[in-house]
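Please look through the sequence and the model shown here before reading on.

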Amino acid sequence: MTIAVIGGGAWGTALATLKSRDGETVRLYARDTATVEAINRGHENPRYLPGIALPATLEATADLRHAVADARLVLLVVPAQTLRAICVALRGVLPAGVPLVLCAKGIEQASGLFASDVASAELPGHPVAVLSGPSFAADVARGLPTAVTLASTDASLADALARDLSAAAFRIYAGTDVLGVGAGGALKNVLAIASGAGAGLGLGASAGAALVTRGFVELRRLGEALGARPETLMGLSGLGDLVLTCSGTQSRNFAYGAALGRGDDLSGLKLAEGVPSAAVAARLAGERGIEAPIIESVAALLAGRQAPREVVEALLARPLRREFD
């Protein structure tokens with residue numbers, strides 16, 4: 001029996017590497033045949049994890065049916081905007097009842113749904129769990145210490161999967177707040193764009209700390225309004241992931257925001273999940289009457305309704321208020 005990892009980007013490759021080094025039989029599905037060949041022949045993913053040696057036992061494939069043929073567990077590590085299409089493609093080829101662990105972060109733009117809702121709708125009969133937390137793919141692939149959260153509405157399944165997927169330097173805390181883990185992972189991406197834009201504008205470390213702190217207030221407000229538990233948002237998949245994602249250009253969302261702030265050409269940048277999630281997050285906040293000026297500003301910035309400097313001026317011009325009211 002194998003673990004199938006669907007998605008040959010940096011995070012999918014890192015997770016596949018982690019379990020392959022643990023002695024598991026792992027198949028990694030990637031659409032890009034050049035990536036598949038590089039992993040199978042050169043034991044490296046030069047496009048997404050250059051310079052990191054991958055286990056010779058890790059098998060990559062561009063055949064989705066083969067990837068999941070005898071899978072006991074499937075890790076879905078694809079962007080939120082392509083998750084539904086992958087789930088549809090898995091119908092009829094996925095072994096019955098195999099658990100799905102969703103490992104990418106974001107909100108589906110067309111529906112406003114989190115990944116867990118999309119997977120549950122498209123693949124009924126398969127238990128769904130969500131894995132999220134402060135983790136850079138390169139750190140995990142190099143075996144550096146990392147701690148994340150895995151949630152399933154079935155507590156016993158969450159415990160079992162956390163034990164199954166943990167490794168010597170990869171610690172997984174189990175929980176049952178699927179929505180909270182998903183919300184924290186999606187919303188922190190939007191806020192990381194704001195932090196990156198501030199850095200790109202040269203606003204300094206003090207402004208950076210303020211953006212992270214006030215951004216977390218918005219993450220909590222909106223997350224709780226959506227049904228997330230406060231303690232989940234205070235944990236690894238909320239506050240922890242926000243701190244990491246706002247810490248520098250190793251984060252794609254921070255890097256995207258920094259390029260925006262500098263006025264750089266964005267066409268060559270890697271996918272930043274916070275980009276499609278921003279407008280959805282702003283809409284969800286508006287529908288629920290949640291005050292979320294940073295999230296709303298990121299949405300306006302990405303839509304071209306405001307320039308980066310105008311966003312800063314608008315935030316600083318907001319009426320003064322008590323911090324905790």
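The model is a predicted one, in which local features need pLDDT of at least 70 and side-chain atom pairs count only at pLDDT 80 or more, while totals for chains, interfaces and linings use all residues. Residues are numbered from 1 along each chain as its sequence is written, and side-chain values use heavy atoms, with hydrogens and water left out. Helices (H or I, at least four residues) and strands (E, at least two) are DSSP runs numbered from the N terminus.

Two packed helices are described by the angle between their axes and the distance between those axes. The axes are lines fitted to C-alpha atoms, for helices over the stretch in contact, and the angles run from 0 to 180 degrees between N-to-C directions. Helix H4, residues 80-90, packs against helix H5, residues 115-122, at an angle of about 25 degrees, and their axes are 9 Å apart. H4 and H5 are therefore roughly parallel to each other, given that angles under 35 degrees count as roughly parallel, over 145 as roughly antiparallel, 65 to 115 as roughly perpendicular and the rest as oblique. On the H4 side the contact (heavy atoms within 4.5 Å) is made by Leu-83, Arg-84, Cys-87 and Val-88, and on the H5 side by Ala-115, Val-118, Ala-119 and Glu-122. Of the residues in this contact of H4 with H5, six are nonpolar, none polar and two charged, where Ala, Val, Leu, Ile, Met, Phe, Trp, Tyr, Cys and Pro count as nonpolar, Asp, Glu, Lys and Arg as charged, and the others, Gly among them, as polar.

The second pair consists of helix H8 (residues 178-200) and helix H13 (residues 274-287), which pack at an angle of about 105 degrees with their axes 8 Å apart. This angle makes H8 roughly perpendicular to H13. Leu-187, Asn-189, Val-190 and Ile-193 of H8 meet Gly-274, Val-275, Ser-277, Ala-278 and Ala-281 of H13, and the residues of this contact divide into six nonpolar, three polar and no charged.

With 2% relative accessibility, Ser-152 counts as buried, the classes being buried under 20% relative accessible area, exposed over 50% and partly exposed in between (1.4 Å probe, protein chains only). A polar atom of the Ser-152 side chain lies 3.2 Å from the backbone nitrogen of Asp-154. Not counting residues up to four places away in sequence, Ser-152 touches Val-128, Ala-129, Leu-157, Ala-158, Gly-175, Thr-176 and Val-178.

Thr-35, in helix H2, is likewise buried, with a relative accessible area of 4%. Residues up to four places away in sequence being left out, Thr-35 touches Gly-8, Ala-30, Asn-45 and Arg-47.

Most residues other than glycine have a negative phi. His-43, although not a glycine, has a positive phi of about 55 degrees; His-43 is found in the loop between helix H2 (33-42) and strand S3 (59-61), and at 26% relative accessibility it counts as partly exposed.

Leu-315, finally, has its place in helix H15, residues 308-316, and is partly exposed, with a relative accessible area of 25%. Leaving aside neighbours within four places in sequence, Leu-315 is in contact with Pro-293, Ile-294 and Ser-297.

Conventions:
A polar contact is a pair of N or O atoms within 3.5 Å; within protein, one must be able to donate a hydrogen and the other to accept it, and residues adjacent in sequence count only if both atoms are side-chain atoms.
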